[in-house]
Amino acid sequence: MYATMWALLPPIIAIALALITKEVYSSLFIGILAGGLLYAVPGNGGFGAAFEGTLTHIFEDGVVAVLSDSYNVGILAFLVILGTMVCLMNNAGGSAAFGRWASKNIKTRVGAQLASVVLGVLIFIDDYFNCLTVGSVMRPLTDKHRVSRAKLAYIIDATAAPVCIIAPVSSWAAAVASYADDGQGLMLFIRSIPYNFYALLTLVMMIGMILMKVDFGPMKRYENNALEKGDLFSGSNPYKTSDDNSEGTKGKVIDLVLPIIVLIISCIIGMIYSGGFFDTGSDGYMNVITAFSDSDASIGLMLGSAVALVLTMIFYMCRRVMSLRKIMDCLPEGFKAMVPAILILTFAWTLKAMTDSLGAKEFVEGIVTNSAGGFQIFLPAIIFVIGCFMAFATGTSWGTFGILIPITLSVFPAGNPLSIICVSACMAGAVCGDHCSPISDTTIMASAGAQCDHVNHVSTQLPYAIAAAAISFVCYIGAGLLASAGIPALIMLPVGVAIVIGFLTVMKKQNN
């Protein structure tokens, strides 16, 4: 079963069950169990050996392995610290004060959604940081204007990975750059940005929907319930115990804004610190771009958020808005607020470990290599689709373009006109699949940031992501044909934008 279609069966089972049952924990566990069985049963050692092999593979090679991985532990620590900071800002009255200020200065639902988009675009250094920070800052504002949590989760998710994958200074750019030889990775990344149709068209579609006031699919029901009934959830809210903004009279806008600014600055410094920016050598300090290229997002975000947490505690005590006892009470409360996200992330990482052990990477590599010969013109579109399905099934964009980019660069030498387009298709497909997948860590954190039920977020976001993916697929077909004919393939970007606007216009007329 190794490196065959069977390798993708566990995530397919988990995703299908999550969408059918609307229950993510049991769905992920059943997918993990299926992966353990597929790994152990072919050993033909009888029932006892199969049972033992399944159990040890799931827990030793799966749960224990992912929770002992230093990168994963750093991300979990970052989650807990962010949850604690959100709890502190709520109890200090900063979130409530920001909500009061925003209700006076941003007076429309469109303005509230656009403000969320702008903040999401500005926080481009890392998608995890983006999801949790935008959510904690914008929830009071979007709640005041009756924007559903599902819509906020979509805005957060659509300004996380799609923005990071087109930002030259980000943890994603550093990851992509590391897959190219001869130190040309960053230049390759920059040249590929205009052809990353999915990321660019997702931003166009999101802004277009906000300005044109159009929603479709399940999201329309959620938005109608929020606007007409004041029901922001239209279902369960797993974060309801932490969704309480204190109305303390001592709270001011500065109690929210300053900790967020300190958090951003601290995380940026933490990222470049982990990349060796402050290490001196014969050439002096390395530049910021190089430091980002060599950075470790897990270490940088964990250290930066820890420093920001300590400074926030000191700031609140100096301001006398919270006592030391109340500040300490926020530590376990912040942890509890992030338990749903931590559980889902742990299960998702374990499911990925099961998929990797079954040879999913090798299976996809064989498909791409075998299709490269006779379909070169259509290869950008083919790679985009493969990237979508692989990231959707595994829940990771980094792992997907980590597999596809080296293969693409080996198939197409640097001088080939399709080389840059295919590299962009790798990244676009990876982001698209990551954006759609219910087991993606970015999607999970977007749900946590908006404090929205995870399955509700996935089901409402999926039609939007599929629409952007379909238009991107058409653009990659056109780009392949144009590049092969010697015509600039960049023409397809404005064509894609026009198709998106036309699509939204049609959907608005149908809804009316």
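Begin at Lys213, which takes a positive phi of about 55° just after α12; helices here are DSSP runs of H or I with at least four residues, numbered from the N terminus. The model is a predicted one, in which local features need pLDDT of at least 70, side-chain atom pairs count only at pLDDT 80 or more, and totals for chains, interfaces and linings use all residues. Residues are numbered from 1 along each chain as its sequence is written, and side-chain values use heavy atoms, with hydrogens and water left out.

Next, select residues 197–212, which form helix α12: its 16 residues reach 21 Å from first C-alpha to last, close to the 22 Å expected at 1.5 Å a residue, where the expected span is 1.5 Å times one less than the number of residues. Twelve of the 16 residues in α12 are buried, a term for under 20% relative accessible area with a 1.4 Å probe and protein chains only; among them are Phe197, Tyr198, Met205, Met206 and Ile210.

Now select Tyr154, Phe216, Tyr464 and Phe503, which ring pairs link into a cluster; rings of Phe, Tyr and Trp (its six-membered ring) pair if their centres lie within 6.5 Å, with planes under 30 degrees apart counted as stacked, over 60 as edge-to-face and the rest as tilted. The count by this rule comes to six aromatic pairs. Tyr154 and Tyr464 have ring centres 4.9 Å apart and planes at 75°, so their pair is edge-to-face. This pair links distant parts of the chain, with Tyr154 in helix α8 (residues 149–158) and Tyr464 in helix α24 (residues 454–484), 310 residues apart. Tyr154 counts as buried at 1% relative accessibility, and Tyr464 is buried with a relative accessible area of 1%.

Note on methods
Helix = DSSP H or I, 4+ residues; strand = E, 2+ residues; numbered from the N terminus. Buried < 20%, exposed > 50% of the residue type's maximum accessible area, 1.4 Å probe, protein only.
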